[in-house]
Structure formats: C-alpha cells, structure tokens
Amino acid sequence: MAYETIIVEIEDYIALVKLNRPDAMNALNSQLLGELADALTAAQANDKVRCIVIAGSEKFFAAGADIKMMSEMNFVDVFSGDLFAEETGAISRVRKPIIAAVSGYALGGGCELAMMCDFIIAGDNAKFGQPEINLGVIAGMGGTQRLTRVVGKSKAMDMNLTGRFMDAEEAERSGLVSRVVPAKKLMDEAMSAAAKVAEKSMISVMAVKESVNRAYETTLTEGLAFERRVFNSMFATDDQKEGMNAFLEKREAQFRDR
C-alpha cells in the first residue's frame with residue numbers, strides 16, 4: 001500500500017516506520033494514525049518483520065495531535081466517531097515489539113504514541129510533554145493513564161496540569177525512556193536494539209511483551225501466576241531446546257520460531 005504520511009522501509013527483519021508530515025511537525029491526524037495502524041498491522045502479518053521501529057524527524061518525533069483538524073469538531077463529532085480509538089487500538093494489538101526512536105519534541109499525541117511502543121530510546125535533544133491543558137482539553141490517547149503508570153502520580157499531574165516539558169535526562173531518570181543517546185547516534189542505537197530483538201525467538205519475544213504488559217493490567221499475584229504459566233509453556237517449543245543446547249554447546253542459537 002502507498003502511504004502519504006509515513007514512510008515504511010523493511011530490511012534485515014526490521015520495519016522502520018517514519019512519520020512524514022514535515023510541514024505539520026508530524027502532527028497526528030486521522031490519516032497518519034490510520035496509515036500507521038495499517039502499516040503496523042501489515043508488519044504483524046509479515047514474516048519478514050521481527051521488530052518495528054517508529055521514528056520521526058530530527059526536530060520532531062510528533063508535535064501532538066492535529067489541532068487544526070480537531071478545532072473544527074464538537075462533542076458529538078468526537079464522541080460518536082470515538083476519535084483515534086480505532087487506530088490506537090490497532091497499534092496496541094500489535095504483538096511484535098515496537099521501539100520508539102524519539103528525537104526532538106514528542107508532545108501530546110506524540111508523547112502518547114511513544115508510550116504505546118514497547119520501549120523508548122531517546123536522543124539527548126528529546127522533550128516529552130502533555131500540554132493539552134493549554135488548549136482547554138486533556139490528553140485523550142493515554143497521557144493521563146500510561147504516563148501515570150510509568151512516572152507516577154506526582155510527575156504525571158505536574159506535566160498534565162502545567163503543560164511543562166520533560167527533557168531526555170529527566171525522562172530516563174523517571175523511567176519514561178529506556179536509554180538516552182546522542183541525537184546523531186539515535187537511529188543507529190534504535191536499529192541496533194531492533195536487530196538484537198530480531199535475533200531472538202519470536203515466540204519468546206511475543207511472550208515477553210504479553211507478560212510485561214500484563215503487569216499493568218492485574219495484581220502482582222495474578223501477574224506472577226500468568227508469568228509462570230507462560231514460562232512453563234516455553235518448554236513445549238523447539239526454540240527452548242535449541243536455546244539451552246546452544247548455551248551448553250557454547251554456540252549461537254538458531255531459532256526457528258516453533
């Protein structure tokens with residue numbers, strides 16, 4: 001499928017998806033989110049893809065949701081159409097790992113999109129924020145929910161109530177991002193991380209993603225029980241046998257996803 005607001009490149013089992021609305025600072029509108037959801041759904045079904053990286057430009061990951069588009073809407077439009085719900089739901093259902101490579105501003109919907117990914121690698125020029133309060137609204141794609149679960153109530157309240165931005169150093173310190181690297185090395189770092197993921201057993205990779213995400217949805221007791229059941233099930237796979245035999249034989253494992 002030909003896309004107008006994103007660029008998709010697939011190489012060495014990695015799908016690199018670049019947000020591409022340069023004139024709008026990669027603001028998220030229905031078209032971009034729809035194309036992104038379609039591309040990620042296609043990547044999920046593509047055997048040539050084992051990991052996904054989402055990136056923006058050097059200055060803007062995504063500057064937020066498209067305010068021009070939303071300013072023309074009323075409550076009935078947004079509520080009856082359930083604005084952005086279908087697209088973000090599709091992104092959240094992708095079972096393969098997604099890495100966000102954030103350079104520059106990730107604000108509002110851009111911050112929320114980054115948090116939908118499985119982990120964030122940030123350039124040292126990255127800035128995160130939920131400034132919707134300045135527009136007379138609140139975050140609508142996870143900015144009050146995912147952010148609170150990641151950085152805690154106090155910082156989430158601070159960012160959502162004041163609209164202040166969090167720089168890369170604070171974001172790493174707060175647990176929002178997994179690592180910070182020089183902006184010029186961001187894509188190399190993100191693609192290197194994706195390559196490491198792509199080497200693993202896809203069965204194990206998807207099980208890790210499902211298990212970690214379960215931690216946000218249930219109690220510790222139930223989460224531990226779920227993890228244990230998934231761990232046990234790994235012993236029914238050929239990849240478990242290959243991985244452990246390779247370790248004992250001091251060689252690289254050759255996983256076959258079965």
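**Entry 1, ground rules.** I worked from a predicted model in which local features need pLDDT of at least 70 and side-chain atom pairs count only at pLDDT 80 or more, while totals for chains, interfaces and linings use all residues. Residues are numbered from 1 along each chain as its sequence is written, and side-chain values use heavy atoms, with hydrogens and water left out.

I took a pocket as an open set of points on a 1 Å grid over the protein atoms alone, where a 1.4 Å probe fits and protein lies on both sides within 12 Å along at least five of seven lines, with lining residues having an atom within 4 Å of a point. The largest pocket holds about 1,000 Å³ of space, a volume being the space filled by probe spheres set on the points. I found 34 residues in its lining, with Cys117, Asp118, Lys209, Asn213 and Tyr216 nearest the centre. Helix H10 (202–214) is among the elements that supply at least two lining residues each, and H10 gives the largest share, 9 residues. By class I noted 19 nonpolar, 6 polar and 9 charged residues in this lining.

**Entry 3, second largest pocket.** I looked up a volume of about 680 Å³ here, and a lining of 27 residues, of which Ala65, Met70, Glu132, Val137 and Ile138 lie nearest the centre. The lining divides into 17 nonpolar, 7 polar and 3 charged residues.

Note on methods: Helices (H or I, at least four residues) and strands (E, at least two) are DSSP runs, numbered from the N terminus. Ala, Val, Leu, Ile, Met, Phe, Trp, Tyr, Cys and Pro count as nonpolar, Asp, Glu, Lys and Arg as charged, and the others, Gly among them, as polar.
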